[in-house]
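Keep the sequence and the model in view while reading.

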Amino acid sequence: MEIATGTTVAAVAAMRGNRYPVATRSNRMPCPYLSYRAAAGDHEFETERAYCTAVDRFVEAMRADVCNDRYDLDHESHCEIYREHAE
Ligand code: SF4
């Protein structure tokens, strides 16, 4: 199967006859407090990094997976900062 550049994961899954699992997963949204910045306060980087606007600090790489709802992670369930600020 040839897949054109720019084809979404959901579209590929649909071509393969997998109608639901990937499409459902791709509909998940990252945390609304997540931002990407190259600088904040005394910190400055060459490229943008994950930044939590709820606590105004850069996010460690492993937590960024939670912020982006990657894998089986979910910011609503797995981030105490989100839960504190969402209440
Ligand atoms: S650290 Fe928590 S509250 Fe902040 S952006 Fe990530 S998931 Fe959201």
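Helix H3 gives the largest share of the shell around the ligand, three residues. Helices here are DSSP runs (H or I) of at least four residues, strands are DSSP runs (E) of at least two, and both are numbered from the N terminus. The model is a predicted one, in which local features need pLDDT of at least 70, side-chain atom pairs count only at pLDDT 80 or more, and totals for chains, interfaces and linings use all residues. Residues are numbered from 1 along each chain as its sequence is written.

Which residues come nearest to the ligand? Of the 13 residues around the ligand, they are Cys31, Cys52, Cys67, His75 and Cys79. A residue is counted as near a molecule or strand if its C-beta atom, placed from the backbone, lies within 6 Å of it. By type, the shell holds eleven nonpolar residues, one polar and one charged. In this scheme Ala, Val, Leu, Ile, Met, Phe, Trp, Tyr, Cys and Pro are nonpolar, Asp, Glu, Lys and Arg are charged, and the others, Gly among them, are polar.

Step back now to the whole chain. The protein has five helices and three strands, and along the sequence they follow the pattern α-α-β-β-β-α-α-α. Of its 87 residues, 14% count as buried. A residue is buried if 20 or more other C-beta atoms lie within 10 Å of its own, exposed if 12 or fewer, and partly exposed in between, with C-beta atoms placed from the backbone.

The largest nonpolar core has eleven residues, among them Cys31, Tyr51, Cys52, Ala64, Cys67 and Cys79. Such a core is a set of buried Ala, Val, Leu, Ile, Met, Phe, Trp, Tyr and Cys residues joined through C-beta atoms within 7 Å. Strand E2 (43-52) and helix H3 (61-67) are the elements that give two or more residues to this core.

Ala64 belongs to helix H3. Why does Ala64 count as buried? Ala64 is buried because 20 other C-beta atoms lie within 10 Å. Leaving aside neighbours within four places in sequence, Ala64 is in contact (C-beta atoms, placed from the backbone, within 7 Å) with Ala50 and Val59. Ala64 and Tyr51 are 13 residues apart in sequence, and their C-alpha atoms are 8.6 Å apart in space. With neighbours within four places again left out, the contacts of Tyr51 are Ser35, Tyr36, Arg37, Ala40, Phe58 and Val59.

Asp74 lies between H3 and helix H4 (75-78), and is partly exposed because 14 other C-beta atoms lie within 10 Å. Asp69 is in the loop between H3 and H4; it is also partly exposed, with 19 such atoms within 10 Å. Asp56, between E2 and strand E3 (57-58), is exposed, with 11 other C-beta atoms within 10 Å. Most residues other than glycine have a negative phi. Phi is positive, however, near 50° in Asp56 and near 55° in Asp69.

Last comes confidence. The average pLDDT, the predictor's confidence in each residue from 0 to 100, is 81, and 69% of the residues score at least 70. Among the elements, helix H2 (residues 21-26) has the lowest mean pLDDT (46) and strand E1 (residues 34-40) the highest (97). Over residues 18-24 pLDDT stays under 50.

Terms used: Two residues are in contact if their C-beta atoms, placed from the backbone, lie within 7 Å.
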